[in-house]
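Reader: I have a model open and want to learn how to read it. Where do we start?

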Amino acid sequence: MKYTRIYADSSGESHFEDVEVEIKEVNFAPPAPPVNLSSFNPASQYCFLESPAGWYGDWHPTPQRQLFFFLSGEIEIEVSDGEIRQFGPGSITFQEDTVGKGHASRVLGDNIARMVAVQLPDSEPI
């Protein structure tokens, strides 16, 4: 499984990084058959988020380290090094560009973008 990390370097410029999550077969809920599972990580809180068609968020840092799970619609995100990527249903981003210029984001197309945001403690790696 993969997610896209959005982070700020030491000079405050934001970048994308593709990260592979280690998954192992685990007997998670016996007597159900084993499933593939990553390690657990702490979370602070979560919310459901909708951005309307045409929404545009000019340059901004993320307010807190958070995972975004994209459920419907499509979002385009630009990081300050100039790279632009699109994220749709099934995509996951880990946003931790809490300092610097941050990123710009926009909803693509005519549909609402629906997401789940899971906020993480400040110092915990994922």
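Predicted model: local features only at pLDDT ≥ 70, side-chain atom pairs only at ≥ 80, totals over all residues.

Reader: In what order do the six strands of the open sheet lie?

Author: Read a sheet strand by strand, across the pairing. Here the order is β2-β1-β10-β7-β12-β5, and the pairing is mixed. β2 (14-20) and β5 (45-51) stand at the edges with a single partner strand each, so one side of each has no neighbour in the sheet. From one strand to the next, the twist averages 25°.

Reader: How many bridges join β7 to β12?

Author: Six, between residues 66-72 and residues 113-119, and the two strands run antiparallel. For a place to look, take Q66, which stands opposite Q119 in β12.

Reader: What classes of residue line the second largest pocket?

Author: Ten are nonpolar, eight are polar and none is charged. This pocket has about 280 Å³ of space. Among the strands that each supply at least two lining residues are β5, β7 and β12.

Reader: Last, the side chain. Is F28 buried, exposed or partly exposed?

Author: Partly exposed, because its relative accessibility is 46%, between the cut-offs of 20% and 50%. F28 is in the loop between β3 (24-26) and β4 (35-37). Beyond its neighbours within four places in sequence, F28 contacts V35, L37 and F40.

Notes: Residues numbered from 1 in each chain as written. Heavy atoms only, no water. Helix = DSSP H or I, 4+ residues; strand = E, 2+ residues; numbered from the N terminus. Buried < 20%, exposed > 50% of the residue type's maximum accessible area, 1.4 Å probe, protein only. Contact = heavy atoms within 4.5 Å. Pairing = 2+ DSSP bridges. Axes fitted to C-alpha atoms, helices over the stretch in contact; angles between N-to-C directions. 1 Å grid on protein atoms, 1.4 Å probe; cavity = no way out; pocket = protein on both sides within 12 Å on 5 of 7 lines; lining within 4 Å. Points joined across faces, edges and corners; volume = space filled by probe spheres on them. Nonpolar A, V, L, I, M, F, W, Y, C, P; charged D, E, K, R; others polar.
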